[in-house]
Structure formats: C-alpha cells, structure tokens
Amino acid sequence: MFNLDKEARRILESNRWTTKGFQYTIPSHDTYPYQWLWDSCFHAIVLSHFSLEDAKKELISLVSHQFEDGMLPHMIYWVKAEAIKVDWGKNDTSTITQPPILAYAVQDVYERTSNKAFLEEIYPSMMRFYRYLVTKRDPLDHNLAGIINPDESGEDNSPRFDKALNVPFDISNETHFRRRLELVEANKACNFEVELCTSKNFWVKDVPFNVFLVENLKILGSLASLLGRTEDAEFCTLNAGLMTEAMREYMFEDGVFWSVMDADHEKIRVETWAHFAPLFAGLYTQEEAKTVVQTHFHNPKTFYSPFGIRTVSMREESYSANGFWRGPIWMSIHWFIYHGLLRYGFTAEAEDILKKSVKLLELSGFREYYNPETGEGYGAKDFTWGALVLDMMEK
Ligand code: GLC
C-alpha cells in the first residue's frame with residue numbers, strides 16, 4: 001500500500017546531499033544534480049513537517065551564494081556535473097533567479113519552532129533578496145517585477161513566453177530550449193544587467209512571479225515586525241500594496257490576470273494556470289474568485305482534467321499533454337492552486353485537487369510532471385517536490 005508520509009521522507013532523504021558543510025536537497029538524481037531556488041523552498045516546506053533542523057539547513061545553504069546586489073541564483077552547482085551544459089557565465093551558480101517563495105518557506109519553518117535564532121540568521125539575506133526584486137527588477141518604477149528569461153518563472157517553456165521570445169505555438173521542446181539558450185547568450189552580452197537586458201532582449205512581468213512576490217512581501221513584512229525592523233516592515237507592506245494596485249491596473253482584463261511584456265505592458269493573452277495564481281495571494285475579490293472557479297476551474301474543455309488542473313488550457317493551440325510546461329500537471333502548481341482555493345473557502349475544489357494529486361503519486365510515482373488526460377508520469381524520476389502533497393494533506 002502506498003504510504004505518502006513514508007515515501008516523502010524516503011525521497012527527501014535519498015536526494016539529500018552535503019557539500020562543504022552545507023546540506024541541501026537536489027530535485028532528482030537523474031537530471032537535476034544541483035540545488036534549485038524554488039525547489040529548495042518547496043523542500044524546506046515539506047521538511048518542516050518532520051525535520052525542522054533539515055529544513056533550516058536547506059534554506060541556509062540556499063542563501064549561501066547570494067550575489068552582491070542581493071539576487072539569489074536559480075541554481076547552485078556545489079558539485080559540477082555533466083547534466084547541465086548551459087553556460088550561465090559563472091562557475092558556481094547560474095546568473096538568473098527563480099520565483100520568490102523564500103519568505104513563505106522561512107515562515108513555515110519559524111512557525112513550527114518559534115525560535116528567533118534561525119529567523120535572525122536568515123533574515124538579512126532574505127531581506128536583501130526581496131529588496132533586490134522590488135527595486136532592481138523594476139527599472140522603470142512600474143511597481144511590477146520583471147523577468148529576463150522564461151526560466152526565471154520556473155515554467156521554462158510555458159507558452160506565456162512565446163510572444164516575447166518570438167517563437168511559434170507549435171515549437172518543439174528542443175527548439176524552444178535552443179531559443180532560450182540564444183537568450184542566455186544575448187543576456188550574457190548585456191552582462192545580465194536587468195535594465196539593459198529587459199530593454200533589449202526579453203521583458204515579461206509575469207503573473208505568478210508577481211503574485212508570489214506580493215504574498216511573500218506581506219509575510220516578510222510581518223517577520224520584519226517580529227524582529228523589530230520597522231523600516232523593513234514598512235518597505236514590504238508599502239510595496240506589496242503598490243504591486244497589488246499595479247497588477248490590477250496593468251494585468252487585469254476579462255475577469256482574470258494576464259502577464260504583460262515590455263515597457264508598455266502589452267498583455268499576453270495566453271490562457272494558462274496563471275488565471276488561478278492570484279488566488280494564492282488573495283488578489284481577486286470573493287465574487288471574482290467565484291467566477292474564476294466556475295468559468296475556468298470547472299471547465300473540462302480548458303483546465304479541468306481527469307488528473308487535475310492543466311498548466312495550459314486545452315483550448316490553446318500550444319496545448320500539449322506531454323509538452324513539459326505547455327499543458328501537463330505539475331505538483332508545485334497543484335500546491336499553489338490548492339492553497340489559493342482554500343484561502344477563498346472553495347474546500348470541495350481543494351479536496352478534489354488533493355485527491356487527484358495523491359492518485360497521481362499512487363499511479364505514477366514522484367515524477368517531474370504528468371499527462372493530465374492519462375496520469376502518465378514524465379521527466380525526472382523520484383522528483384522531490386512531489387512531496388508537497390504531504391504539505392497539502394497536513395494543512
Ligand atoms: C525544471 C523546471 C524548474 C525546476 C527545475 C529543477 O527546469 O522547469 O521549474 O526548478 O527543473 O527541478
């Protein structure tokens with residue numbers, strides 16, 4: 001019989017590495033032998049249920065390679081392997097970031113210990129990271145954070161980025177990857193300077209990234225108050241508010257939020273799970289949320305599938321049931337949707353997502369992503385963040 005708790009612990013332990021005195025969890029032995037930014041936040045969230053010390057170590061190692069300007073890189077190599085051949089221009093880390101859910105993870109760990117020592121230890125790096133995102137990632141003061149590469153969204157080849165990348169809807173995963181490599185080269189030529197890279201090469205203000213930033217700034221604001229850092233707390237609260245307003249002003253249309261590109265905020269009208277992401281930060285009114293759930297969640301022709309919520313609407317011409325981020329189900333996305341639904345009191349829908357997530361694990365194991373129509377698992381095996389289902393179960 002499948003035992004979620006036992007399996008989650010097994011994966012967290014077997015994917016755990018220690019290098020140079022730092023402990024971290026790799027996403028998977030097959031293909032991802034490094035430490036990833038948002039993966040490690042998910043890992044810490046799960047670890048906080050059964051091993052607080054390991055959860056703390058996961059986050060401390062994550063901030064160990066912070067850049068001068070405060071950016072946290074999306075990959076830390078620790079031990080250089082053959083698996084990743086992309087040259088990001090640095091020896092020990094990549095030169096881009098990933099979705100900012102660090103404050104959420106820190107809060108989860110803190111809440112279970114109420115021990116301020118860990119909070120004090122990680123706080124300065126954490127604050128520098130969010131200050132970097134709020135200031136440096138918004139060169140024209142629009143109150144929205146921009147990404148300079150689709151990989152910064154964590155949804156590498158999502159069709160939300162096709163237009164900004166100038167690629168066709170039926171592009172293969174391999175060609176898409178090559179196109180993103182060209183972007184890395186172009187950004188390298190700009191020395192990864194945000195202002196230059198965004199004005200020349202690629203600039204998307206993505207819905208989920210900004211949703212996570214708003215919610216995490218609110219969390220960080222309360223953590224800052226707890227530590228008596230009044231000025232930081234005010235910075236966080238103020239910017240969470242400004243970003244919420246800006247998202248509404250530039251991204252909201254036809255009842256949902258759309259990612260926007262370039263300085264003039266052109267809307268990218270591609271239907272993806274980003275419609276549900278704002279639930280996570282409470283950015284819809286209760287009425288709007290109800291409409292989103294009725295129109296999009298409960299629609300088998302778009303998002304609702306036998307195994308959960310498709311990352312891309314089936315109505316999109318780019319939809320592909322095995323297309324990596326172009327349709328398949330991902331557990332981290334289920335986790336965000338689950339919490340978003342609960343926040344608004346849609347308990348039956350949340351239960352449905354949880355049940356389907358457990359079913360996927362039982363049927364196909366902890367795989368990187370899943371076919372929404374058949375439940376077949378794809379990509380990396382023993383993929384660590386599948387263990388997020390445990391966190392869904394316990395909240
Ligand atoms: C893939 C995913 C990304 C994840 C990484 C490591 O690149 O697209 O979101 O962080 O794998 O698991």
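This is a predicted model: local features need pLDDT of at least 70, side-chain atom pairs count only at pLDDT 80 or more; totals for chains, interfaces and linings use all residues.
Reader: What percentage of the residues in the protein is buried?

Author: A residue counts as buried when its relative accessible area is under 20%. Of the 395 residues in the protein, those that are buried make up 62%.

Reader: What is the radius of gyration of the protein, and what would a compact globule have?

Author: A compact globule with 395 residues would have a radius of gyration near 21 Å. The C-alpha atoms fill a box of roughly 55 × 50 × 45 Å along the principal axes. The value for the protein agrees with that of the globule, being 19 Å.

Reader: How many salt bridges does the structure hold, and how far apart are the mean positions of the positive and negative charges?

Author: The structure holds 27 salt bridges. The protein has 41 positive and 57 negative charges. Their mean positions are apart by 2 Å.

Reader: Which helix holds both glutamate 7 and arginine 10?

Author: Glutamate 7 and arginine 10 form a salt bridge, with 2.9 Å between the closest N and O atoms. Glutamate 7 is partly exposed because its relative accessibility is 22%, and arginine 10 is partly exposed at 34%. The two are three residues apart, about one turn of the helix, and both lie in α1.

Reader: Where does the salt-bridge partner of aspartate 87 lie?

Author: Aspartate 87 meets lysine 188 in a salt bridge of 3.3 Å, N to O. The pair links distant parts of the chain, 101 residues apart, with aspartate 87 in the loop between β4 and α4. Lysine 188 lies in helix α7.

Reader: Which helices does the salt bridge between glutamate 288 and arginine 248 tie together?

Author: The closest N and O atoms of glutamate 288 and arginine 248 are 2.6 Å apart. The pair ties together parts that are 40 residues apart in sequence, because glutamate 288 and arginine 248 lie in helices α12 and α10.

Notes:
Residues are numbered from 1 along each chain as its sequence is written. Side-chain values use heavy atoms; hydrogens and water are left out. The radius of gyration is taken over C-alpha atoms; the globule rule is 2.2 Å times the number of residues to the power 0.38. Buried means under 20% relative accessible area, exposed over 50%, partly exposed in between (1.4 Å probe, protein chains only). Lys and Arg count as positive and Asp and Glu as negative; His and the chain ends are not counted. The place of a charge is taken as NZ of Lys, CZ of Arg, CG of Asp or CD of Glu. A salt bridge is a side-chain nitrogen of Lys or Arg within 4 Å of a carboxyl oxygen of Asp or Glu. Helices (H or I, at least four residues) and strands (E, at least two) are DSSP runs, numbered from the N terminus.
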